Every structure is written in structure tokens, then in C-alpha cells.
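Biologist: I have a structure here that I would like to understand. Could you walk me through it slowly?
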Amino acid sequence: MAGAEVTDIAVVGGGPAGLSAALAARQTGAEVVVVDENSAPGGQLRKQIHKFFGSKEHHAGQRGFRIAEELAAACRDRGVELWTDALAYGIFDHTLGIVRRGTAFTLTARAIVLATGASENALAFPGWTLPGVMGAGAAQTFINLHRVLPGRRVLMVGAGNVGLIVSYQLLQAGAEVLGVVEAAPRIGGYAVHAAKIRRAGVPIWTRHTVLRADGRGQLEEVTIAALDENGRPIPGSERAFAVDMLCLAVGLTPLTELAWQAGCRFEYSALLGGHVPLHSEDMETTVPGLFVAGDVAGVEEASTALEEGRLAGLAAAAYAGHGSPALEKEKAAARERLLALRSGPFGSGRRHAYEEIVRGWLRWSGAR
Amino acid sequence: MKGPDVVVVGGGVIGTAVTYYLAKQGADVLLLERAELGGETSSACDGFVILQSKSPGVHLALALASAELYRGLADELDWDIEYRNCGGLIVIEREEELPAMRTFMAKQQAIGLDVRLLLGDEVRRLEPALAPHIVGATYSPQDSQVNPLQVVLGFAQAARRLGARVRQGVPLQTLRRAGARVSAVVAGGEEIPAGAVVLCTGVFTPELLTPLGVELPLRPRRGQLVVTEPAPPLVHHIFLCARYIAAKYHPELLAAAEDEALRLGVGLALEQTGSGGFLIGSTREFVGWDKRTTPLGIREIVRHATRILPALAQLNAIRTFAGLRPYTPDGLPFLGPVPGWENLYIAAGHEGDGIALAPITGRLMAELILTGRTSFPLTDFAVDRFARGKDQGGQLKVTP
Amino acid sequence: MRIEEHPILGSLPKAQTVWIEVDGKRIPARAGEPIAAALLAAGIRVFRTTHRRGEPRGLFCGVGRCTDCVMTVDGVPNVRTCVTPVRDGMKIETQRGLGRWPEQK
């Protein structure tokens with residue numbers, strides 16, 4: 001077939017997990033191609049302007065977009081092929097179907113790492129389709145990457161980390177943030193992020209929900225209400241706000257289309273964002289030679305994505321015939337660091353969820 | 001314990017049609033579907049009710065009778081099956097294809113199909129989006145389109161209203177035999193006495209018959225399709241191409257071809273559906289039970305379609321899928337009793353014509369099972385026709 | 001509204017200005033930015049109306065996944081404006097329903 005490319009390792013997705021996987025695999029001497037549908041590598045790191053927490057291995061103290069630039073530069077320096085504007089539309093055994101700048105071709109690899117990330121969840125209420133209602137990530141992309149404010153007076157839905165961070169960044173971009181609406185009784189995100197926006201005078205209303213959005217042709221007003229113990233709106237508690245922007249930060253769902261098409265087995269994990277491909281502790285799915293890393297393997301944080309990427313990249317390289325005792329050692333170290341990232345009050349829940357996925361893989365592997 | 005008069009096995013378009021027409025005649029019918037209604041071939045196909053593609057002979061005559069039933073079917077079922085009498089075109093890309101198409105058309109006209117040849121600008125006036133190199137097309141105003149899944153659901157719903165029971169998630173396990181009769185079916189762990197049993201199990205029919213010592217020359221043939229995003233109306237008819245006809249009736253010529261697209265049996269089958277999206281097929285491949293799509297198949301379908309309708313290149317493909325068509329060596333389905341059995345019937349093997357032929361198949365099977373006679377002779381569709389040494393359906397010349 | 005000054009990112013870097021035409025009206029854009037950014041900067045928030053109910057739609061996911069922001073660009077319907085860069089002289093139309101093909105103009 002015309003237009004049939006071949007490589008050792010193909011990585012789908014050029015975000016933190018994908019670039020990290022590519023670097024790790026490349027370091028073993030394997031030939032690596034990263035396929036990304038966007039015009040520049042870096043994935044969602046490109047719009048992160050806050051400093052990351054954690055340890056040195058995970059770029060602590062650095063801003064997200066700088067990490068993206070560094071990873072991409074390292075890939076170029078070390079001879080990883082970065083294909084941007086390249087959409088992987090399908091997976092057929094170890095072959096990817098790709099469309100790039102109007103041309104369709106295939107890329108066949110010994111091992112494939114899916115690092116496709118996640119997409120933002122929507123929330124449906126009357127008026128949610130009006131122009132002005134958008135994902136918090138969309139707002140973040142436009143203010144930080146494109147330097148355009150999509151609105152001036154904003155309400156945020158969701159007090160997880162995304163909701164809190166984007167609220168603060170909207171303030172930095174010059175918007176007026178009227179408040180954060182959270183259905184849960186408690187703030188989901190880190191206290192340090194919540195404290196920052198509170199200091200700026202932005203109220204966080206827990207046990208509240210959006211009732212509806214109104215406007216002639218575009219968003220003009222949002223009505224919120226308090227919730228009772230059963231999660232039902234309390235009559236008389238409604239409040240209306242004149243806003244031109246309503247951001248939804250209500251979670252992410254793994255982008256698993258390629259893993260489904262490849263025939264991976266899945267398990268549902270509410271904590272990890274939905275259906276997640278079963279994977280081994282080396283990130284290999286139930287399809288031999290197909291690995292996952294980052295949010296597609298369960299929604300966590302960029303630091304986890306970097307580490308999972310490294311692990312998957314190494315394991316994929318070993319699968320492709322570039323294994324060594326040194327590589328096994330590095331894999332073990334990466335697994336240790338992942339364990340550390342999943343400890344503490346915020347990490348232990350994710351650790352249990354992650355272990356559930358690995359146990360599922362072991363059950364499948366044992367039954368085979 | 002008295003069971004239903006008839007147990008229909010298989011809830012695709014054929015099984016639901018047979019169930020409906022049996023119930024309409026007053027029979028007590030039970031439909032057993034092992035998974036979900038329309039979950040296999042009937043939901044992995046296009047919605048053509050096309051007459052022009054049928055081999056001129058008994059095949060076309062059967063399709064004409066079926067098309068007639070489709071006219072009033074939405075009202076009869078009280079269900080929107082998205083029927084549209086849009087007319088169809090078989091596009092001719094090369095001068096060399098003209099003589100064969102003229103002959104094909106003349107035979108069809110003799111059987112009563114309204115079909116004519118449009119050359120050059122005549123066809124482009126009808127469909128301005130056609131590429132300049134198109135030589136012409138045969139056109140029939142009788143060709144139509146439906147939504148296959150709505151046809152399945154419509155038949156099932158109407159059958160239920162008439163008292164039929166439709167059970168999903170119930171696989172057939174075995175047939176209990178008493179002499180030359182099926183006495184009961186065992187399904188879902190239950191033994192159900194049956195007056196008669198009809199297998200409407202498409203590509204899966206041979207595996208049900210082998211335990212009974214009956215070999216059926218029916219094979220799965222894969223067809224891949226591509227779906228585009230919704231778009232404004234571009235075309236007004238359903239489309240096949242002349243190569244589709246060749247792929248359908250002369251697979252041996254294509255198997256040896258140099259061209260990849262030809263080897264895959266790619267022939268255009270294109271419709272713009274009610275939602276605005278295009279459904280574009282198709283390949284014809286013998287690859288066993290593999291229902292996956294392939295990059296080569298997708299690429300060749302797209303390449304072929306955009307050559308004929310260049311504007312399609314501007315659309316995004318949003319989905320691909322493949323279905324297994326029940327292929328028979330002569331292109332005709334098996335409709336009739338299983339030899340050696342008094343009350344076991346088959347209605348399967350329609351290949352790509354299941355949607356088009358479903359109403360007439362349902363009606364004739366109901367007649368056959370309930371009265372022993374049919375309003376259309378079924379001799380050419382006999383289950384044992386190959387065992388009797390007849391093999392080329394193209395030469396059959398029975399007319400009703 | 002353009003974010004000219006930003007506490008972290010600093011001043012908006014200089015970029016070449018290109019001109020695009022939106023429903024017949026010329027608006028400026030920064031070379032290389034997505035169409036949607038130029039529209040929002042110009043205060044345009046309604047990008048299309050839906051096929052059946054004619055409801056307005058605009059930016060929603062911002063990363064090319066949801067297709068809510070599609071418009072007709074240079075005669076091609078369903079172009080995702082959040083990931084398609086502007087080009088000088090580009091003709092953009094608010095898309096009504098499924099849009100229309102150039103031949104039907």
C-alpha cells in the first residue's frame with residue numbers, strides 16, 4: 001500500500017505522557033514517531049501557566065508551558081520524530097491510520113503507546129448550549145494560549161483543581177469572576193488554589209448548582225440555587241447573575257476511542273474518569289504491544305502522566321526488542337516514583353483505583 | 001404445553017419481517033434474538049431499496065414485488081422507516097462499460113423495470129456534483145432508500161402490536177427432533193414446543209444447520225462503509241457504479257486484478273441520509289468472520305467515491321464500520337423448507353439485498369409456512385438447489 | 001477582548017496583522033491564530049445556528065473535539081474555527097444549519 005511508514009515505536013498524542021514516553025523509548029536507541037493532531041506538541045501543558053508542585057523529576061516550580069517547550073526541544077535534540085497536524089483516525093493491529101495535511105497514510109510500529117489524554121465533561125441544564133457557556137479548559141486555552149478573553153463577567157462551575165486554577169487565571173487575564181459553584185459539600189481541589197481565589201475576593205459556593213442559563217442569542221444571565229442534603233435545589237434560594245461567560249469544570253473523561261477499536265478490555269472507574277483500558281504495571285493493555293499512558297489510562301495529574309509515559313515508553317521499547325537490565329531498573333524506579341505520587345490524602349484514592357485496573361489486567365492475564 | 005405456531009430465529013431485518021407477516025396472517029409467533037434486534041448485518045449496511053442492481057430474472061422480479069410492498073410500509077407499520085422514493089443511478093465511468101450496462105438494462109426493462117440510460121450532460125443535469133469524466137448512468141425512478149434499523153424496529157414493533165412475542169438476549173441452543181419434524185426449540189435454557197421453525201439467521205445459518213447434517217453454501221462476505229459528517233444536500237439520488245455490478249456478480253474477475261481497489265471488490269454504493277451524512281460503501285471481501293475495517297479498505301472507498309463525486313473530498317469522515325453479508329454462489333437467498341424436514345424453514349443468504357428484499361421475504365415465508373403455497377414461485381430459491389447441481393444463478397430465467 | 005498585558009506572560013508579542021472577512025465585514029487577526037480567537041477578539045460570539053431548531057452556538061471545547069464552533073470558511077462548511085488558523089483574505093460565514101455548497105450560491 002502506498003504511503004506506508006514503518007517505525008519501532010509509535011506514540012499517539014504529544015502531551016506530557018506522549019513526549020515523556022517518546023524520550024524514554026528513544027533513549028534505548030529505538031526509532032520513535034510521535035503523532036499529534038495539534039499544530040504544536042505539548043498537549044494541554046501548553047495552556048498551563050501556573051507552577052507545578054512535586055519533585056524535581058516532575059518539573060516542580062516550573063510553569064506548564066515551559067515544561068512542554070522543554071520536552072519538545074529534548075525530543076527534537078534526541079531525534080524523536082514529531083509529526084504535528086497528524087490525526088490518528090484508526091488503529092488496525094500494529095498499524096495506525098493517519099491523516100496529515102489532507103493526505104492519508106499508515107504508520108506501522110512494533111509497539112504503540114496511546115497517550116491520547118482526556119476531554120472535558122459537559123453539564124446539561126436549560127440554556128447550556130448558548131454561546132458564552134464553555135468548558136473551563138476552552139477558556140484556559142483562549143486566555144493563556146491565544147491571549148483572548150471570551151467574556152468579561154464569569155461564573156465557574158466546579159471547585160476541583162481545574163475550576164480553581166482557571167478561575168485564578170481568568171482573574172489574571174483581566175476578567176471579573178463572580179464566584180465558583182460547586183455541587184459537592186466540600187471543595188475538591190487543593191486548599192492552596194482555593195485560598196488564592198478567595199484572597200482575590202471570589203466566593204466559592206459549595207452545595208450549589210446551576211439551574212439555567214438565559215440570553216437572547218447568547219449568554220446574558222445564569223441562575224444558581226442551593227442544594228439540600230438530597231441534592232435537590234432549595235426553593236427560594238435562587239440567585240441570578242448577569243454574566244457573559246459560564247465555565248464548566250466538571251471533570252474529564254479518558255479519550256479511549258483508539259483503545260476500544262484496538263480491542264482492549266476495559267473497566268469502569270468513576271475516580272479515574274470513566275472506562276479505562278486494563279493495563280499491567282508496565283502500562284501494557286490487553287492487546288500485546290499496545291501501551292497506554294497519561295489521562296487515557298485514568299485521569300490524574302500531569303506529573304503522573306509524565307511518569308506513566310516514561311514507564312510506557314521503556315516497556316514499549318523492551319517489547320520492540322530494545323530491552324536491557326538497565327532498562328528494567330529504570331522501569332522499577334519509575335514505578336516507585338508513581339507510587340510516591342499516589343500517596344498522601346489526595347493520592348491514596350487514585351492509587352486504589354489504579355491498582356483495581358492492574359488487578360483486572362492480572363485476572364485477564366491469568367485467565368488467558 | 002402448547003407452544004407458539006411458529007418460532008422465528010434471528011432478529012435482523014429478515015427475521016423481524018417474517019415475524020411481522022406471520023403475525024399479520026394471525027399466527028402465534030415467537031421471535032428469538034440471541035443479542036439485540038438488528039445488531040449484526042442489518043445495522044452494518046446501507047439503506048438501499050435498489051432494483052437496478054438486481055440480476056435480470058427472478059431476482060429482479062422478487063425485488064420489484066418487494067419494492068411494491070415498501071411503498072405503503074411506513075403507514076402499514078405506523079413507523080417512520082425514512083422511506084424515500086428518491087430514484088437511483090448506476091454511474092458509468094468508462095466507455096468500455098457501456099455495452100455491458102446496455103445489455104443489463106435491456107434485460108431489466110424486459111422484466112418491467114423503469115430504467116433508462118442517461119449520457120454525458122443528461123446525467124450531470126440530474127446530479128451536477130458528478131465528476132466531468134462520468135460517461136453516463138442508468139437511471140431508475142423506482143429505486144428508493146430507507147433507514148435499515150428503523151425497518152427492523154418498525155417490523156418488530158408492528159409484530160408486537162399484532163400479538164407476536166419478541167425476546168432478545170435468547171440464543172438458540174438446539175432443535176428437538178421428532179421424526180421428520182422439529183418438536184421444540186431449546187433456547188435460553190428453556191424448551192419451547194414449536195409448530196414450525198424459521199431460521200432467519202443470515203451469515204450464522206450454516207453453523208446451525210451443520211449439526212443437522214445439512215450443508216449450506218453460504219459464506220460471510222465483508223463490506224466496509226464510511227460515514228461522513230452531516231452536510232447540506234449535494235445529491236438527490238442513491239448511487240452505485242458500474243463496477244459495483246461487476247464486483248457483485250463476477251468476483252472471480254476482480255480477485256486477480258492488479259488494482260488494489262478492484263481486488264477488494266470496491267464498488268460505489270452511496271447515499272446521503274436524512275440527517276445529511278453520507279453513507280459510502282463498499283468492499284466485498286471474503287475474510288472469514290473478521291468484522292473490522294482496514295485502512296486500505298477505507299482509503300479505497302474514499303478514493304473511489306471522491307473520484308466520482310469530487311465535492312466529498314471537503315467532508316470529514318467521522319466513522320467507519322463493516323458488516324458481514326450472507327453470500328451465496330448464485331446471489332440468490334435460500335427461501336424454503338429444509339429438505340428432509342416438514343416444519344423447518346430457512347430465509348437467509350440475501351447478501352447485500354436483505355433490506356431491499358425483506359418485505360417480500362417476510363410475506364412469502366408467511367404464506368409458505370401457513371398455507372404451503374406462495375404467490376411467487378420459490379423454486380429458484382430452494383435450499384437444496386446446489387445439492388441438485390445447479391450453480392449459476394445468473395442463468396436462471398424464471399419469471400412469475 | 002485581547003489580553004495585551006498579562007502578569008505571567010507579559011506583553012502580547014508582536015504579530016503580523018492579517019485581514020479576514022466575516023459575513024462580509026473585514027476584521028483584523030493575528031497571523032497564525034485560530035479563526036475563533038480573531039472572532040472573539042472582535043466581539044463575535046455566535047458562530048452558527050443549528051440545523052433543526054436554528055439555535056445559536058459558539059465556542060465550547062476550544063480544542064477541536066466538540067464541533068460546536070464550526071463555520072463555513074472559503075465555501076467549505078463545517079470548518080472547526082477553534083483549531084483552524086486564519087489566512088489573509090479568508091472568507092468566513094456564520095453557518096446556518098448544515099451550511100451550503102458553493103455551487104448552490
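Biologist: How many residues of chain A are in contact with chain B?
Modeller: There are 7 residues of chain A in contact with 6 residues of chain B, where contact means that the C-beta atoms of two residues, placed from the backbone, lie within 7 Å. This is a predicted model, in which local features need pLDDT of at least 70 and side-chain atom pairs count only at pLDDT 80 or more, while totals for chains, interfaces and linings use all residues. Residues are numbered from 1 along each chain as its sequence is written, and chains are lettered from A in the order in which they are written.
Biologist: Which strands of chain A supply that side?
Modeller: β4 (86-92), β5 (95-100) and β6 (103-114) of chain A each supply at least two residues of the side that touches chain B; strands are DSSP runs of E with at least two residues, helices are runs of H or I with at least four, and both are numbered from the N terminus.
Biologist: Switching to chain B, how many helices and strands are there?
Modeller: Chain B has 12 helices and 19 strands. Its radius of gyration, taken over C-alpha atoms, is 21 Å, close to the 21 Å that the globule rule (2.2 Å times the number of residues to the power 0.38) gives for 400 residues, so chain B is as compact as a globular protein of that length.
Biologist: And what share of chain B is buried?
Modeller: Buried residues make up 54% of the 400 residues in chain B, where buried means that 20 or more other C-beta atoms, placed from the backbone, lie within 10 Å of the residue's own.
Biologist: How is chain B divided into domains?
Modeller: Chain B is divided into domain 1 (6-44 + 149-217 + 330-395) and domain 2 (88-141 + 219-327), with bounds that come from an automatic or database domain assignment. The C-alpha centres of domain 1 and domain 2 of chain B lie 29 Å apart, and 11 residues of domain 1 are in contact with 12 residues of domain 2.
Biologist: Which residues have the most contacts inside the largest nonpolar core?
Modeller: They are Val18(B), Val91(B), Val197(B) and Val198(B), in a core of 129 residues; a nonpolar core is a set of buried Ala, Val, Leu, Ile, Met, Phe, Trp, Tyr and Cys residues joined through C-beta atoms within 7 Å. Helix α12 (residues 354-371) of chain B gives the largest share, 10 residues.
Biologist: Why does this core lie between the two domains of chain B?
Modeller: Because domain 1 and domain 2 of chain B both give residues to this core.

Methods:
Buried ≥ 20, exposed ≤ 12 C-beta atoms within 10 Å, placed from the backbone.
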